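Please look through the structure shown here, and keep the sequence beside it. The paragraphs below walk through it one part at a time.

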Amino acid sequence: MLTVALTGGIGSGKSVAGKFFADLGALVVDSDELSREVIDRGTKGFDEVVTTFGDEILSAGAIDRKKLAQIVFSDDAKRRKLENIIHPRVREAFEAIVAKAKAGDIVINQIPLLVETSGGSRFNKIIAITSSIEARRSRLKERGMSDFEIEERMKSQVSESERLKIADYVLSNDGTKDELLNQVEKIFEQLRIDASKN
């Protein structure tokens with residue numbers, strides 16, 4: 001079995017690349033999805049977030065992620081508080097998935113904050129996906145994010161060069177989806193070879 005981190009800045013195309021890897025047979029786990037699950041209503045994570053940030057982050061009894069984002073992305077200390085609640089739980093959830101994986105499986109974790117959390121050592125291989133700032137901004141605007149939100153999110157993440165320093169493989173996402181798929185297929189072939197040696 002091989003554990004692989006797929007990392008990149010917001011808007012770089014991790015989800016698209018992750019879907020391609022899943023289509024090829026990898027077991028793909030999205031840390032953003034896990035981060036939502038670990039603070040769902042009824043979890044200890046939910047209780048801790050509400051205790052820390054107050055009832056004003058709730059809408060219809062659930063955590064309003066937009067309200068929470070507005071609070072934490074404009075205040076580094078509050079963002080770190082949230083990360084200290086979420087990150088250990090996400091790590092635990094991912095480890096539970098890995099524990100159930102079979103020999104020969106390639107488990108890919110889409111994880112935006114790999115460098116920021118010093119998480120690289122937990123994986124056998126690291127893939128960084130890169131994309132120009134212009135392309136990333138354009139994708140994020142299509143998702144409905146404002147210029148201010150985009151700036152705040154980008155500011156909270158490390159630079160592209162920091163990610164490239166720890167990467168075993170690099171995907172460039174400034175072209176077409178077919179061009180990205182072509183790169184993914186080549187890397188997946190190499191990962192299969194790596195997995196067979198593990």
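The model is predicted: local features need pLDDT of at least 70, side-chain atom pairs count only at pLDDT 80 or more, and totals for chains, interfaces and linings use all residues. Residues are numbered from 1 along each chain as its sequence is written, and side-chain values use heavy atoms, with hydrogens and water left out.

Begin with helix α1, residues 14-24. Helices here are DSSP runs of H or I with at least four residues, strands are runs of E with at least two, and both are numbered from the N terminus. In α1, the residues K14, A17, G18, F20 and F21 are buried. They lie on the same side of α1 because they cover an arc of only 160° around the axis. Buried means under 20% relative accessible area, exposed means over 50%, and partly exposed is in between, using a 1.4 Å probe and protein chains only. The arc is that of the directions from the helix axis to the C-beta atoms. An α-helix has 3.6 residues a turn, so residues three or four places apart point the same way. On the other side of α1, K19 and D23 are exposed.

What do the buried residues of α1 pack against? Their partners are β1 (2-7), β2 (27-30), β5, β6, β7 and α9. Contact means heavy atoms within 4.5 Å. After α1 comes G25, which has a positive phi near 120°.

G18 has a relative accessible area of 2%. Leaving aside neighbours within four places in sequence, G18 is in contact with L6, V28 and Q110. G18 and D30 are 12 residues apart in sequence, and their C-alpha atoms are 8.3 Å apart in space. Q110 belongs to strand β5 and is buried, at 6% relative accessibility. With neighbours within four places again left out, the contacts of Q110 are L6, K14, S15, G18, V28, V29, D30 and S31.

Just after α6, G144 takes a positive phi of about 95°.

Next come the nonpolar cores. A nonpolar core is a set of buried Ala, Val, Leu, Ile, Met, Phe, Trp, Tyr and Cys residues joined through side-chain atoms within 4.5 Å. In soluble globular proteins, nonpolar side chains tend to be buried together. The largest core here has 25 residues, of which V49, F53, I57, I63, L68, L82 and F94 touch the most other members. At least two residues of this core come from each of α3 (44-53), α4 (65-72) and α5 (76-100). The largest share, six residues, is supplied by α5. Apart from this core lies another, of 19 residues, among them V4, A17, F20 and F188.

How do α4 and α5 pack? Their axes are 7 Å apart, at an angle of about 130°. Axes are lines fitted to C-alpha atoms, for helices over the stretch in contact, and angles run from 0 to 180 degrees between N-to-C directions. α4 and α5 are therefore oblique to each other. Angles under 35 degrees count as roughly parallel, over 145 as roughly antiparallel, 65 to 115 as roughly perpendicular and the rest as oblique. The contact is made by L68, I71 and V72 of α4 and by D76, K78, R79 and L82 of α5.

N173, between β7 (169-172) and α9 (177-197), is buried, with a relative accessible area of 8%. A60 lies in the loop between β3 (58-59) and β4 (62-63) and is exposed, at 82% relative accessible area. Phi of A60 is positive, near 55°, in a residue other than glycine. S118, in the loop between β5 (106-110) and β6 (125-130), also has a positive phi, of about 50°, although it is not a glycine.
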